[in-house]
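Thanks for coming. I will go through one model today, starting with a term I need and then moving from the ligand site to the core and the overall fold.

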Amino acid sequence: MPGFFSSFFSWFSGLFFSKTAEIAVVGLQASGKTSFVNVITSGQWSEDVVPTVAFNFRKIRKGNVTLRVWDVAGQPKFRSMWERYCNGVDAIAFVVDSADTEKLNTARFELHQLLAQPSLVGVPLLVLGNKNDIEGHATVKDLISALQLEKIRDRPVSCYSCSMKSQHNLDIVMQWLTGRGH
Ligand SMILES: Nc1nc2c(ncn2[C@@H]2O[C@H](COP(=O)(O)OP(=O)(O)OP(=O)(O)O)[C@@H](O)[C@H]2O)c(=O)[nH]1
Ligand SMILES: [Mg+2]
């Protein structure tokens with residue numbers, strides 16, 4: 001019975017206090033952006049994912065927060081589109097393959113180039129060091145240094161190590177994202 005009342009209450013309060021957060025998910029190709037969106041949508045991990053062409057849009061309801069998520073393609077030919085999808089969002093999620101340390105320089109370059117756009121000043125940044133299920137992955141400390149996150153001073157920045165495959169740290173990531181709701 002208490003379970004019934006608490007779920008009734010969250011349904012009922014959600015009718016009156018629902019919030020929305022718009023999120024752009026960007027990062028190099030194969031970093032795991034679409035896997036991230038799939039896992040937070042369905043709660044299920046699947047290897048069965050194809051490279052994104054241009055973008056996908058998803059609406060995801062979590063409690064009383066609706067996330068409007070732009071999953072943008074990461075191949076070089078699509079990177080000039082990132083700014084357009086990041087413009088006006090409540091947060092930018094930048095996904096990095098933390099097991100592919102050779103690509104961290106490129107990731108840093110693309111991240112800082114994106115954040116230098118005047119239209120994106122102040123937009124909160126969430127850096128996800130994905131694929132921490134793979135041995136030898138970069139830690140949060142490694143990522144802060146390799147991506148020069150301490151140089152970013154014009155917005156709130158958070159960085160988590162996570163894995164879509166093992167769903168490690170996704171609860172804390174979801175808390176951060178739904179906290180952008182308004
Ligand atoms: N081991 C491991 N593999 C992952 C993880 N997340 C994603 N992958 C794999 O990484 C590859 C790329 O994943 P995608 O989600 O398509 O990457 P993407 O960033 O959307 O790529 P683009 O759409 O091309 O920009 C796929 O083979 C995934 O199965 C993870 O947490 N661990
Ligand atoms: Mg994709």
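When I say contact, I mean that the C-beta atoms of two residues, placed from the backbone, lie within 7 Å. This is a predicted model, in which local features need pLDDT of at least 70 and side-chain atom pairs count only at pLDDT 80 or more, while totals for chains, interfaces and linings use all residues. Residues are numbered from 1 along each chain as its sequence is written, and chains are lettered from A and ligands numbered from 1 in the order in which they are written.

First, the annotated site. Which residues does UniProt list for "binding site"? The unreviewed entry gives T34 and T52; its positions are in the numbering used here, feature names are shortened, and annotations may be inferred rather than shown by experiment. The two span 19 residues in sequence, yet no two of their C-alpha atoms are more than 7.5 Å apart, so they gather at one spot.

T34 lies in helix 2. Helices here are DSSP runs of H or I with at least four residues, strands are runs of E with at least two, and both are numbered from the N terminus. Is T34 buried or exposed? It is buried, with 22 other C-beta atoms within 10 Å. The scale is this: 20 or more other C-beta atoms within 10 Å of a residue's own is buried, 12 or fewer is exposed, and in between is partly exposed, with C-beta atoms placed from the backbone. Neighbours within four places in sequence aside, T34 contacts V49, T52, N56 and D71.

T52 sits in the loop between helix 2 and strand 2 (55-62). With 18 C-beta neighbours inside 10 Å, T52 counts as partly exposed. Leaving out neighbours within four places in sequence, its contacts are T34, D71 and A73.

Now the ligand. Ligand 1 is surrounded by 23 residues, the closest being G32, T34, S35, T52 and G74; a residue is near the ligand if its C-beta atom, placed from the backbone, lies within 6 Å of it. Helix 2 supplies the largest share of this shell, three residues.

Next, the core. A nonpolar core is a set of buried Ala, Val, Leu, Ile, Met, Phe, Trp, Tyr and Cys residues joined through C-beta atoms within 7 Å. The largest one has 42 residues, and those with the most contacts inside it are I23, A24, V25, C86 and I92. Elements that each supply at least two residues include strand 1 (19-26), helix 2 (33-42), strand 3 (65-72) and helix 4 (104-115). Strand 4 gives the most, with six residues. As for A24, it touches W70, V72, Y85, C86, V89 and I92, not counting residues up to four places away in sequence.

Finally, the whole chain. The protein has six helices and six strands, in the order α-β-α-β-β-α-β-α-β-α-β-α along the sequence. Its radius of gyration, taken over C-alpha atoms, is 17 Å, close to the 16 Å that the globule rule gives for 182 residues, so it is as compact as a globular protein of that length; the rule is 2.2 Å times the number of residues to the power 0.38. The C-alpha trace spans about 55 × 40 × 30 Å along its principal axes. Of the 182 residues, 34% count as buried.
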